[in-house]
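Please keep the sequence and the structure in view while reading.

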Amino acid sequence: MIGRTVDEDPELAYKYAKVALRLASRVAAVREAAGIAAYMAGAYAEALSELRAARRMTGSSEHWAVMADCERGMGRPERALQMAGADEVKELDKAAQIELRIVAAGARRDLDQLDAAVVTLQVPELNANSTTPWVARLRFAYADALAAVGRDEEARDWFGRAAEADAGGETGAAERVAEIDGLDFTDALDPDAEDDEDDSDIEDSAADAVEDDEDDDADAVDSDDTEDSDTEDADDEDTDEDENADDKGAGDEPVADKRD
């Protein structure tokens, strides 16, 4: 369950890891899996502890780069750099060595040594004719380091090369190229983006409806004013007619009544 959930829900994977540790803490694979889950969940101290335990049990240093990154996560970039220069690095395969180099460059940046971070990543493997994940990650890290020192044109070039090697789009290199070029893309397969567009359409329609209602209300008010004005004129005419009638009636009173 740790393996099934660690990529999509690291927090859940870490919960499974804690249960596994209670059940089988003396099994190296359990300690290793728990360490990776803790690392993915951002629990760097616990991750470092579990990975060290797994290393003692197996004698393998395959997670040396992850352990070094845990040191960074705990605010100790100097220790990460020490690990990058340790003898254990010789035991690592090419992918793990590149990951450790990326960690070392990150540690340099943590120490505000931006130019040193660029130099750390200047290795022949940048030009490797391969689409393995570590090639894309190395190129992306190098491009990001270049951008941090203001070498934007070079950064744009290397983000592009990282995107070429990143078949699965895991690094986000293509998005960085678009950002540098001032482009804004919407993922047609992203349901959230569609919802945002629908919400925008609904809001626009609602705003139009409100404006139409306001216009109708204004027209109704004008119509009422006109009707009231016509009614008042009619009332005035009726009043004048009544007054004229009263005047005529007063002039026709009987003579006998006057004599009386």
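Two residues are said to be in contact here when heavy atoms of theirs lie within 4.5 Å. In that sense, Tyr-44, Ala-47, Leu-48, Leu-51, Arg-52 and Arg-55 of helix α4 meet Trp-64, Val-66, Met-67, Cys-70, Glu-71 and Gly-73 of helix α5. The model is a predicted one, and the points below should be read with that in mind.

**Overall make-up**
- The chain holds 13 helices and zero strands, and of its 260 residues 31% count as buried.
- Among contacts in the chain with a separation of 6 or more, 48% are between residues 24 or more positions apart.

**Packing of α4 against α5**
- The axes of α4 and α5 lie 9 Å apart, and the two helices pack at an angle of about 150°.
- Because angles over 145 degrees count as roughly antiparallel, α4 is roughly antiparallel to α5.
- The crossing of α4 and α5 is left-handed, and their contact comprises eight nonpolar residues, one polar residue and three charged residues.

**Packing of α9 against α10**
- Helix α9, covering residues 133-148, and helix α10, covering residues 152-165, have axes that come within 8 Å and cross at roughly 165°.
- With that angle, α9 and α10 are therefore roughly antiparallel to each other, and α9 passes α10 in a left-handed crossing.
- On the α9 side the contact is made by Val-135, Ala-136, Arg-139, Phe-140, Tyr-142, Ala-143, Asp-144, Leu-146 and Ala-147, while α10 contributes Asp-152, Glu-154, Ala-155, Trp-158, Phe-159, Arg-161, Ala-162 and Ala-165.
- By class, the residues in the contact of α9 with α10 are 12 nonpolar and five charged, with no polar ones.

- In soluble globular proteins, nonpolar side chains tend to be buried together.
- The largest nonpolar core in this model has 30 residues, and those with the most contacts inside it are Ala-17, Trp-64, Met-67, Ala-68, Leu-92 and Leu-100.
- Two or more residues of this core come from each of α2 (10-24), α3 (28-40), α4 (44-58), α5 (64-73), α6 (77-84) and α7 (94-110), and the largest share, six residues, is given by α5.
- A second, separate core of 26 residues includes Val-118, Ala-145, Leu-146 and Trp-158; of these, Leu-146 and Trp-158 also take part in the contact of α9 with α10.

**Surroundings of Trp-64**
- Leaving aside residues up to four places away in sequence, Trp-64 touches Arg-55, Met-83, Ala-86, Glu-88, Val-89, Leu-92 and Leu-100.

- Most residues other than glycine have a negative phi.
- Asp-112, although not a glycine, has a positive phi of about 65°.
- Asp-112 is found in the loop between α7 and α8 (114-120), and at 61% relative accessibility Asp-112 counts as exposed.

Technical notes:
Residues are numbered from 1 along each chain as its sequence is written. This is a predicted model: local features need pLDDT of at least 70, side-chain atom pairs count only at pLDDT 80 or more; totals for chains, interfaces and linings use all residues. Side-chain values use heavy atoms; hydrogens and water are left out. Axes are lines fitted to C-alpha atoms, for helices over the stretch in contact, and angles run from 0 to 180 degrees between N-to-C directions. Helices (H or I, at least four residues) and strands (E, at least two) are DSSP runs, numbered from the N terminus. Angles under 35 degrees count as roughly parallel, over 145 as roughly antiparallel, 65 to 115 as roughly perpendicular and the rest as oblique. A crossing is left-handed if the near helix is turned anticlockwise from the far one by less than a right angle, and right-handed if clockwise. Ala, Val, Leu, Ile, Met, Phe, Trp, Tyr, Cys and Pro count as nonpolar, Asp, Glu, Lys and Arg as charged, and the others, Gly among them, as polar. A nonpolar core is a set of buried Ala, Val, Leu, Ile, Met, Phe, Trp, Tyr and Cys residues joined through side-chain atoms within 4.5 Å. Buried means under 20% relative accessible area, exposed over 50%, partly exposed in between (1.4 Å probe, protein chains only).
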